[in-house]
Amino acid sequence: MQINHAGKQSPAVVNKTPLAPSAVPLVGMEGFINPPRELSTDEINGLIQQFVQTAEIAEQAGFSGVQIHAAHGYLISQFLSPHHNRRRDQWGGSLENRMRFLLETYTAIRAAVGKDFLVGVKLNSADFQKGGFDESESVQVVQKLSEMGIDFIEVSGGNYESPQMLAAKDSTRKREAFFIDYAEKARAVSQVPLIITGGFRSQSTMEDALASGHLDLVGVARPFALVPDLANQMQNGTYQTVQTDRIKTGVAFVDKKAGAMLEMNWYMTQMDLIGQGKQPNPKLSAWKVLLKTLWENGKAGLSTGRA
C-alpha cells in the first residue's frame with residue numbers, strides 16, 4: 001500500500017491552506033491549489049508519526065508492505081527539493097538535511113512493523129525543474145536508502161509544475177521508459193530491487209529494459225486504466241500496445257494552466273468507470289472532465305464561502 005501526503009499539492013477543494021516545508025506557492029496552479037503555509041518542527045515530527053501509524057494499520061489490515069511516496073512533488077518530495085524547501089533548520093539546506101524527513105520516516109516505520117513487512121520508497125530521478133531535486137542528489141538518496149536496508153526503490157520523476165511523469169515525448173526508448181538511463185546510475189550504487197515507472201507501453205520495451213539488468217521490475221500505471229486485464233493479455237499473447245496520448249482540450253492556455261490536473265482527473269475518471277463495473281472510455285472528452293473538475297471546485301468554494 002502506498003502512503004502519501006500531498007503537502008502543498010493539495011487541491012483547494014480538499015484543503016484551503018495546504019502544508020509544506022516552506023511557504024513557496026506552486027506556479028501556474030492558481031485557482032486549483034492555494035498557497036501553502038510552512039510547517040512547524042512539531043508538525044513535522046507529528047507527520048512522521050502519522051506515516052508510522054498508517055504503516056501499522058496497513059500491516060494489521062493484511063498488506064504485505066508499504067511504499068513511502070517521496071516523488072512527484074508531494075510532501076516528502078518537497079522536503080527533498082532545494083526549490084520547495086528553503087528552511088534554515090535541521091530539515092532544510094544541505095541534502096543531508098533535506099533527506100532527513102524521508103530517512104526518519106523510513107527508520108520509524110521500519111522499527112514499528114514486523115521484520116517480514118516490506119517497506120519501500122517511490123523517488124524522483126529528478127524534479128525536472130530549475131533549482132529542484134536533481135539526478136545527482138537522487139542517486140545519493142538511493143545509495144543512502146540502500147545502505148539503510150530499504151526493501152525496494154521505485155523511480156519516476158517530475159511534479160505538478162513540471163509533470164514529467166505525465167509527459168509523452170521522445171525518450172531513450174522511442175518515447176518509452178522515460179527514466180531508463182537513470183536506472184543504470186542507480187544500479188551502480190545499489191543492489192536493492194529497483195522498479196522503473198514511466199512511459200512503458202510496449203511489451204518488447206519492457207522485456208528489453210528487464211534484460212538490461214539495470215532494473216528488476218517494470219512499473220505500469222496509465223495503461224491499466226484503459227486495459228485493466230493488461231497483464232493477462234501479456235501472459236496469453238494477445239496484448240497490443242496501448243497508446244496514451246496527452247489529454248488536451250486543444251486550447252493552449254487551458255492546457256498549460258490545467259494540464260497536469262486534467263491528465264490525472266481524466267485517468268481517475270476511467271478508474272471510476274471501472275469501479276462502477278463499466279468499461280473504460282478512451283474517447284472521453286477532456287472538456288467534459290475539465291468542466292466536472294471546475295464544477296466540483298466551485299461547489300467546494302461555495303460550501304466554504306470562498307467562491
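**Questions on a predicted protein chain**

Me: What does Asp 151 count as, by relative accessibility?

Reply: Asp 151 counts as partly exposed, at 24% relative accessibility. Buried means under 20% relative accessible area, exposed means over 50%, and partly exposed lies in between (1.4 Å probe, protein chains only).

Me: What kind of model is this?

Reply: This is a predicted model, in which local features need pLDDT of at least 70 and side-chain atom pairs count only at pLDDT 80 or more, while totals for chains, interfaces and linings use all residues. Residues are numbered from 1 along each chain as its sequence is written, and side-chain values use heavy atoms, with hydrogens and water left out.

Me: Back to Asp 151: with which residue does it form a salt bridge?

Reply: The partner of Asp 151 is Arg 110, and the closest N and O atoms are 3.0 Å apart. A salt bridge here is a side-chain nitrogen of Lys or Arg within 4 Å of a carboxyl oxygen of Asp or Glu.

Me: Which parts does that pair tie together?

Reply: Asp 151 is in the loop between helix H5 (135-148) and strand E6 (152-156), and Arg 110 is in helix H4 (residues 100-112), so the pair links parts that are 41 residues apart in sequence. Helices (H or I, at least four residues) and strands (E, at least two) are DSSP runs, numbered from the N terminus. Arg 110 is partly exposed, with a relative accessible area of 22%.

Me: How many salt bridges does the count come to?

Reply: By this rule there are 11 salt bridges. One of them joins Glu 38 and Arg 87, with the closest N and O atoms 3.8 Å apart. Glu 38 belongs to strand E3 (residues 37-38) and Arg 87 to the loop between helix H2 (75-80) and helix H3 (95-98), so the pair ties together parts 49 residues apart in sequence.

Me: Is Arg 87 buried or exposed?

Reply: Arg 87 is buried, with a relative accessible area of 7%. Glu 38 is partly exposed, at 41%.

Me: Where the salt bridge of Lys 115 is concerned, what is the partner?

Reply: Lys 115 pairs with Asp 116, and their closest N and O atoms are 3.6 Å apart. Lys 115 is exposed, and so is Asp 116. Elsewhere, salt bridges that share partners join Glu 38, Arg 87 and Asp 89 into one network.

Me: New topic. Which residues have the most contacts inside the largest nonpolar core?

Reply: They are Ile 68, Phe 101, Leu 102, Ile 109, Val 141 and Ile 153, in a core of 71 residues. Helix H1 (residues 41-61) provides the largest share of this core, seven residues. A nonpolar core is a set of buried Ala, Val, Leu, Ile, Met, Phe, Trp, Tyr and Cys residues joined through side-chain atoms within 4.5 Å.

Me: What is Ile 153 in contact with?

Reply: Beyond its neighbours within four places in sequence, Ile 153 is in contact with Val 121, Val 142, Leu 145, Val 192, Pro 193, Leu 194 and Ile 195. Contact means heavy atoms within 4.5 Å.

Me: And Lys 122, is that buried or exposed?

Reply: Lys 122 is buried, with a relative accessible area of 10%. This lysine lies in strand E5 (residues 118-124).

Reply: The patch consists of Val 251, Phe 253, Trp 287, Leu 291 and Leu 294, with about 500 Å² of accessible area together. Patches are made of residues with over 30% relative accessible area and no salt bridge: like charges are joined within 9 Å, nonpolar side chains (Val, Leu, Ile, Met, Phe, Trp, Tyr) within 5 Å. Accessible areas come from the Shrake-Rupley method with a 1.4 Å probe; for residues, only the protein chains shown count as cover. Helix H11 (residues 286-303) gives the most to the patch, with three residues. Phe 253 is in helix H10 and is exposed, with a relative accessible area of 63%.

Me: What is the mean pLDDT of the chain?

Reply: The mean is 88, and 89% of the residues reach 70 or more. pLDDT is the predictor's confidence in each residue, from 0 to 100. Over residues 164-175 the pLDDT stays under 50, and the model has 37 contacts beyond four places in sequence for them. Residues 302-307 also have pLDDT below 50. Where pLDDT is low, the predicted coordinates should not be read in detail.
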